[in-house]
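I went residue by residue, then to the salt bridges and the cores.

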Amino acid sequence: MEKMYWISPEGEIIPIEEHPIKTMVKQPERFNYTIDEMQMLYAKYSDENEVEGEATKTIIVGLIEKGWSYCYRKDVNKDWQAEVYKLDKNTRFNLRSWASYMIEKKDLGLDSQLKFHRLHKKDKLKKSVLKLMEDDLFS
């Protein structure tokens with residue numbers, strides 16, 4: 001079962017029930033968008049598939065570039081993924097808050113692996129939740 005979360009630059013954890021963009025459409029102002037802006041993006045890319053099209057990718061990347069994090073796990077047997085712009089101090093703090101929340105819910109353990117996708121460096125980093133909690137991602 002797929003599980004997904006948005007984490008705002010301020011650290012607010014927003015569960016995604018169905019799809020990251022559909023969550024945004026319900027409360028676009030929470031994400032600093034208007035419905036008109038989102039509709040213009042979909043029109044620009046002539047997207048008919050609102051789930052996997054270019055407009056969807058553009059909106060998600062745009063949010064990540066503004067400091068949002070997108071955390072998800074596509075399958076219970078796979079690692080959690082975290083798409084971030086940079087793993088700077090604020091992002092790491094927000095990810096630790098999210099991890100604490102997930103540990104409390106028993107959806108994550110200290111030995112769980114996280115794959116970080118850093119858009120700024122265009123790379124991937126795989127570390128344990130324990131390394132994240134100890135703020136030791138770069139050793």
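**Entry 1**

I began with Gly67, which at 25% relative accessibility counts as partly exposed; I call a residue buried under 20% relative accessible area, exposed over 50% and partly exposed in between, with a 1.4 Å probe and protein chains only. The model is predicted, so I took local features only at pLDDT of at least 70 and side-chain atom pairs only at pLDDT 80 or more, while totals for chains, interfaces and linings use all residues. Residues are numbered from 1 along each chain as its sequence is written, and side-chain values use heavy atoms, with hydrogens and water left out.

Gly67 sits in the loop between H3 and E3. Helices (H or I, at least four residues) and strands (E, at least two) are DSSP runs numbered from the N terminus. I looked up its contacts (heavy atoms within 4.5 Å). Not counting residues up to four places away in sequence, Gly67 touches Ile7, Ser8 and Pro9. Between the C-alpha atoms of Gly67 and Tyr85 I read 6.4 Å, for a pair 18 residues apart in sequence.

I then stepped back to H3 itself, residues 54–65. Its twelve residues reach 16 Å from first C-alpha to last, close to the expected 16 Å; the expected span is 1.5 Å times one less than the number of residues. Buried in H3 are Ala55, Thr56, Ile59, Ile60, Gly62, Leu63 and Ile64. For reference, an α-helix has 3.6 residues a turn, so residues three or four places apart point the same way.

**Entry 2: salt bridges**

I found nine salt bridges in the structure. The criterion is a side-chain nitrogen of Lys or Arg within 4 Å of a carboxyl oxygen of Asp or Glu.

Lys126 and Asp79 form one of them, at 3.0 Å from N to O. Lys126 belongs to strand E6 (residues 123–128) and Asp79 to the loop between strand E3 (69–73) and strand E4 (80–84), so the pair ties together parts 47 residues apart in sequence. Lys126 is partly exposed at 46% relative accessible area, and Asp79 is partly exposed at 22%.

Which residues does Asp135 pair with in salt bridges? One partner is Arg92, at 2.6 Å from N to O. That pair links distant parts of the chain, with Asp135 in the segment after helix H5 (129–133) and Arg92 in helix H4 (residues 89–104), 43 residues apart. Another partner is Arg96, at 3.2 Å, also in H4 and 39 residues from Asp135. Asp135 is partly exposed at 35%, whereas Arg92 is buried at 15% and Arg96 is buried at 18%.

I also noted a network of salt bridges that links Lys3, Lys105 and Asp107.

**Entry 3: nonpolar cores**

A nonpolar core here is a set of buried Ala, Val, Leu, Ile, Met, Phe, Trp, Tyr and Cys residues joined through side-chain atoms within 4.5 Å. The largest has 18 residues, and Leu95, Trp98 and Phe116 have the most contacts inside it. Strand E1 (3–7), E4, H4, strand E5 (113–118) and H5 each give two or more residues to this core. H4 gives the most, with four.

I listed the contacts of Trp98: leaving out residues up to four places away in sequence, they are Tyr5, Ile7, Ile13, Cys71, Trp80, Leu108 and Leu114. A second, separate core has 17 residues and includes Trp6, Phe31, Ile59 and Leu63.

**Entry 4: Ser128 and Val129**

Ser128 is in strand E6 and Val129 is in helix H5. Are these two buried or exposed? Val129 is buried at 0% relative accessible area, and Ser128 is buried at 15%.

Beyond four places in sequence, Val129 contacts Ala99, Ile103, Leu108, Gly109, Leu110, Ser112 and Leu114.

With the same exclusion, Ser128 is in contact with Leu110, Ser112 and Gln113. A polar atom of the Ser128 side chain lies 3.1 Å from the backbone nitrogen of Lys131.

Definitions and conventions:
A polar contact is a pair of N or O atoms within 3.5 Å; within protein, one must be able to donate a hydrogen and the other to accept it, and residues adjacent in sequence count only if both atoms are side-chain atoms.
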